[in-house]
Amino acid sequence: MRRLLILLAGSSAVLLMFGLWIPFKALVAQELLAMAWAESQARQTETRPWPWADTWPVARLEMPELGVSMIVLEGGHGESLAFGPGRVFGGEGGPLILAGHRDTHFRHLQNLETGYRLRVQSQGRQWRQYRVTETRIVDSRNESIDTNRLHADSVLLVTCYPFDSMNARGPMRYVVEARPIYPEDPGNTVATL
Amino acid sequence: MLLSLLANPAVRADLNSIPSRPAKRLATKHKRLRLAEGVSLWLAMLLMLFVHPLYADASQMEMEQPGQLYLMDGQNSWRQPALILKSDFKVQVSGLLAQTKLTREFRNTSDRWQEGVFVFPLPEKATVYGLTMTVGERRVVGRIEPKAKARQIYETAKSAGQHAATVEQQRPNLFTSRVANIPPGETVRVEVDYQQAVSYRHGEFELRLPTTLTPRYIPGEVVAETPKQWQSGWALPTSQVPDAHEISPFTVRPEDVDGQSHRARIHLDIESGFPLAEVTSPSHSLQTEIDGSRVRVQPEGDEVLMDRDVIVRWRPVTGREPAAAVFYQQWQGEDFLMAMVLPPETVGPVLRRELMFVIDTSGSMAGESIIQARSALLRGLDTLRPGDYFNVIEFNSQARSLFERPVPAEGHYLARARHYVQGLQANGGTEMAGALSLAMTMDQAPAEGLVQQVVFITDGAVGNESALFGQIRQSLNERRLFTVGIGSAPNMHFLREAARWGRGEYTAIHNSGEVNRALEGLFSAMEAPVLTGLAVNWPSQGQNLAPVPGKPGDLFRGSPLVQVVRGLPAGGELEVSGQLPGGRRWNTRLNLGNAATATGLNRQWARGRIDELMDAASLSGESPDEQGIIDLSVRHEVMSPFTSFVAVEEKQARPETELLESEQLPTLLPAGSQAGMLRYPQTATFWPLLSALGLVGLMFALAIALLSRRPAL
């Protein structure tokens, strides 16, 4: 009886540890990634955050209203999503699609409202400003992302939905779409007048 | 909660009723117990927090309707369809017509009753003339009905649990077949009979059997209302393509479907009527048995994957190429004649041209296609001669031209163009309208007497074909439009019709090795139309023969004139005349008495008439003569945009207690092309679940520990 109890307690503790390991990893990795990001900006190369990593930082994403900042990694596969949001698609001349886990990096998406700003810094250190135009919930079973239909300059943030669900394999996705804010140029307005 | 539990008298009593034990031990024990209780209560609290969303999740799941079947499961990986699809093409070629019995076999591997929906392509001028459904031993022959009525018949039979099948036309080369009530573990076969004209150009016959389609680009704004009933694809209706959801089946890679699904058996029996030299295919390696003028052909291996068009070409022995042919058929007391006349092999004077190359660099061209398109364009640049002018327009979501206006075909301009073309990459949308208007409104070259030609290099993967044809017609002026089809499953209907409305020619490249061969034919044809101002005189004695096509356009080198008439017995002489380049007259006479008998001419004629009526409507901007088309279609039993085939078994098969699931069968991604559609990635971790399980376990263990300790106290 006692052994059984220890076994139960032990295995539960292990489960809990495994569970907590995921957010811990996500948290710590961002620190390492910040260093790799600084290096790749300085050297203008793809710098892997640790030698065996199969992904590398490609951008920094900020949500100023929520005070959140994170490093975006290349690829939407599990290996990169474990450490940070991943760039699924895009970059130059196309829409940018980022995906993140709803329970780690992209849990902030639930607080993101239409009109909030997003800032994305590229490797060249330029910041681009975006404004959230739409948030919607899609069913990934009968919808896919048609990159041809998106505005070429838009940003799409994708995460799982609902945010507090236990089901890690759920079909619903929460999609935030943002369009760039172009700095108002008074000179231009005068010219057109 | 914590407090209330601590205040629980039972627990208190337990704690207080500890009898005489050494005070110190008692105190530590007491402390430990309190600690354990506290921890477990906190764990319980945490658990509650975690369990709450589980309830939320569960209640959400219930909201899903039963019987809905999705293509992708939660893992975002493709869920294999429960239906396994096999196709069997039995093609009988006789003279200029090919009749195909296409059997689709839907095998239900699930334990539920299924409805299968499959969007599939047929050759661009295919005339569907029959539908037969086979369930077990029973065969049900379908009948033709007006589209709405056929839908209604099918829907009624579907809900009544009867076996039913229907085929309807979405585009001239895109059809949807639906099969209702496929029993668990059983197979339903649907036979579609169609015929097509064999293409004969440059001394070679060609037959194309499409097996999949390149996902169409759907321009326009999404219209909010979506009809749920007949939804079968990923795209939503838009302002420009209201039926987008019906022409956009999910496209998957071959490894996403069952290993036996999406395979086709192909068998051709060609009775050419002349000795054959060779049978070739750019798409598959073939097994052929040539026996004089007859040949049996099938691709090597038992089955082929349905991821590319099957192309078969046959060539007569040199010197025996037919220059003319006449076929005759009597059908229900009416006479039908079909004649083919080849224009003479002449070469016109060398013309100075203004060539506008338009290249599609949209996402659907990614992969092998863009490489072919680039080499086609480079090949086109090679054909430019001094004195010609040219420009290059690239388009995807937007259209851009390399030069502001056409430039002379001189060294540095050509070098710049070559460099530009070599750097072209494919991504983005397919906004063809913008590219066409850019090509058609660009300033003309600063030279007199140039022939204006547009070479359009594309896979034709768009959903708004008819709007584009209208645009071509209206803005063409003196130009001619030539189209070059790219990829392993191009939209041949678009390529052919765009060239027809553009008074030009079309060709298709199947693989990179074919670029030279295909383009040589096209560019030699582009030099000049061989025969203009064509006049075809049938010995009609004043009656209306309603020939199709009614107004054959100019003939290009190597392409014959084919016309079908009704109401004329095989006799008399057909006279074809026209103007050769340089102004000379040319005419030829054909003795109709030598006509060979054939079948299917009436269907070919009826289909041609329907096309003429549709053309007339789009020319005048009015809605087409729907009743006239339905009458023609029903009389000749050929499918039209307004009629569908439907087959229903009288007997009820599915008991009322069993539910019917519906499944949209995907089509395969054309070979060599890249998936343009992204799946939503997996974006949740297991940590909430793992932590919750861990917490539950710990709590449980603690609770047991407490309980088992207590008596010992």
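Me: What should I know about the model and its numbering before we start?
Reply: This is a predicted model, where local features need pLDDT of at least 70, side-chain atom pairs count only at pLDDT 80 or more, and totals for chains, interfaces and linings use all residues. Residues are numbered from 1 along each chain as its sequence is written, while chains are lettered from A and ligands numbered from 1 in the order in which they are written.

Me: How do you know what confidence the predictor has in chain A and chain B?
Reply: Look at pLDDT, the predictor's confidence in each residue, from 0 to 100. Chain A averages 82, with 88% of its residues scoring at least 70. Chain B has a mean of 83, and 88% of its residues reach 70 or more. The model as a whole scores ipTM 0.81 and pTM 0.72.

Me: Why are three residues of helix H8 (465–475) of chain B called buried, and where on the helix do they sit?
Reply: A residue is buried if 20 or more other C-beta atoms lie within 10 Å of its own, exposed if 12 or fewer, and partly exposed in between, with C-beta atoms placed from the backbone. Glu465(B), Leu468(B) and Ile472(B) are buried. They cover an arc of only 65° around the axis, so they are on the same side of H8(B). That arc is taken from the directions from the helix axis to the C-beta atoms. Among the elements covering the buried residues of H8(B) are helix H7 (432–441) and helix H9 (492–501) of chain B.

Me: How do you know whether H7(B) and H8(B) are roughly parallel or roughly perpendicular?
Reply: They pack at an angle of about 10°, with their axes 10 Å apart. Axes are lines fitted to C-alpha atoms, for helices over the stretch in contact, and angles run from 0 to 180 degrees between N-to-C directions. Angles under 35 degrees count as roughly parallel, over 145 as roughly antiparallel, 65 to 115 as roughly perpendicular and the rest as oblique. H7(B) is therefore roughly parallel to H8(B). Residues that meet there include Leu436(B) from H7(B) and Ile472(B) from H8(B).

Me: What makes S6 and strand S34 (660–665) of chain B edge strands?
Reply: Two strands pair if DSSP finds at least two bridges between them. Six strands form an open sheet with mixed pairing, in the order S6-S33-S7-S8-S3-S34 (chain B). S6 and S34 each have a single partner strand, so one side of each is left without a neighbour in the sheet. Neighbouring strands are turned by 25° against each other on average, direction ignored.

Me: Why do strand S3 (113–121) and strand S8 (174–182) of chain B count as a pair?
Reply: Seven bridges join S3(B) to S8(B), and at least two are needed. The two strands run antiparallel, and Val119(B) has Thr176(B) in S8(B) as its bridge partner.

Me: Why is Gln332(B) called exposed but Glu637(B) partly exposed?
Reply: Gln332(B) has 7 other C-beta atoms within 10 Å, so it is exposed. Glu637(B) has 19, so it is partly exposed. Gln332(B) is in the loop between strand S19 (324–331) and S20 of chain B, while Glu637(B) is in the loop between helix H12 (626–636) and strand S33 (643–652) of chain B.

Conventions: Helices (H or I, at least four residues) and strands (E, at least two) are DSSP runs, numbered from the N terminus. Two residues are in contact if their C-beta atoms, placed from the backbone, lie within 7 Å.
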